[in-house]
Amino acid sequence: MTRIAIVEDNPTIRESLAELVNSISGCQCIASFETGEDAEAKIPELSPDLVMMDINLPGMDGIECTARIKNLQPEARVLILTIYEDGEKIFDALKAGASGYILKRSSPSDIVRAIEEMLDGGAPMTPVIALKVVESFREVPTRAHQIDHLSNRENEVLQLLSKGLFNKEIAQELQISIETVRWHLRQIYEKLHVNCRTEAALKFLHAKQRP
């Protein structure tokens with residue numbers, strides 16, 4: 001059973017998200033929190049597989065809460081679900097350790113797909129958010145030496161990741177284990193100074209566009 005926690009201050013939305021999570025086969029909402037402070041205090045002992053995080057929370061905001069949770073429980077994946085679509089908050093959330101970023105106006109089916117994609121190793125984003133991320137990376141040059149320092153295998157993994165393949169598909173393509181794929185991804189994140197698949201893929205694509 002996949003364990004999912006929700007951090008959302010609006011009780012109606014919080015309840016609706018919990019019902020949606022529980023409607024997904026193999027998933028269970030194990031806890032929901034109104035504040036980032038409560039989430040930070042209780043999530044580590046609950047060890048959820050996925051945390052659905054609002055940004056606009058009373059007190060500690062969702063970006064800071066994401067960073068603290070990732071520090072306490074690095075293996076937890078965080079899906080931002082918010083009304084904000086400005087570039088600064090998107091990148092702040094990604095730098096804090098979020099692996100996905102979708103808007104609250106997304107349909108229930110889109111939210112379900114985002115959850116399933118996250119659990120399969122993907123990095124879902126609402127199309128308008130993905131566009132803003134791409135545009136932002138066009139404005140920020142990628143240091144050539146960051147990509148050049150990757151090993152041949154890391155380059156292979158990153159190239160497949162940039163094509164949208166999930167960890168399982170990358171493992172099958174390269175005939176290696178999923179755990180080996182995860183190990184290579186950790187090395188890639190460290191060398192490229194990124195926190196998630198989306199940042200890594202975009203840095204790779206930007207580097208390939210260099211003259």
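## Sheet and helix packing

Strand 4 (residues 77–82) and strand 5 run parallel and are joined by four bridges; strands pair if DSSP finds at least two bridges between them. Opposite Y101 in strand 5 stands I80. The model is predicted, with local features needing pLDDT of at least 70, side-chain atom pairs counting only at pLDDT 80 or more, and totals for chains, interfaces and linings using all residues. Residues are numbered from 1 along each chain as its sequence is written, and side-chain values use heavy atoms, leaving out hydrogens and water. Helices (H or I, at least four residues) and strands (E, at least two) are DSSP runs numbered from the N terminus.

The open sheet has five strands in the order 2-1-3-4-5, with parallel pairing. Strand 2 and strand 5 (100–103) each have a single partner strand, so one side of each is left without a neighbour in the sheet.

| Pair | Bridges | Partner residues |
|---|---|---|
| Strand 1 (residues 2–7) and strand 2 (residues 27–33) | six bridges | R3 and Q28 |
| Strand 1 and strand 3 (residues 50–53) | four bridges | I6 and M52 |

Helix 8 (residues 152–162) packs against helix 10 (residues 178–192) at about 90 degrees, with axes 10 Å apart. Axes are lines fitted to C-alpha atoms, for helices over the stretch in contact, and angles run from 0 to 180 degrees between N-to-C directions. The two helices, helix 8 and helix 10, are therefore roughly perpendicular (65 to 115 degrees; under 35 is roughly parallel, over 145 roughly antiparallel, and the rest oblique). Residues making the contact (heavy atoms within 4.5 Å) include V157 and L161 of helix 8 and I188 of helix 10.
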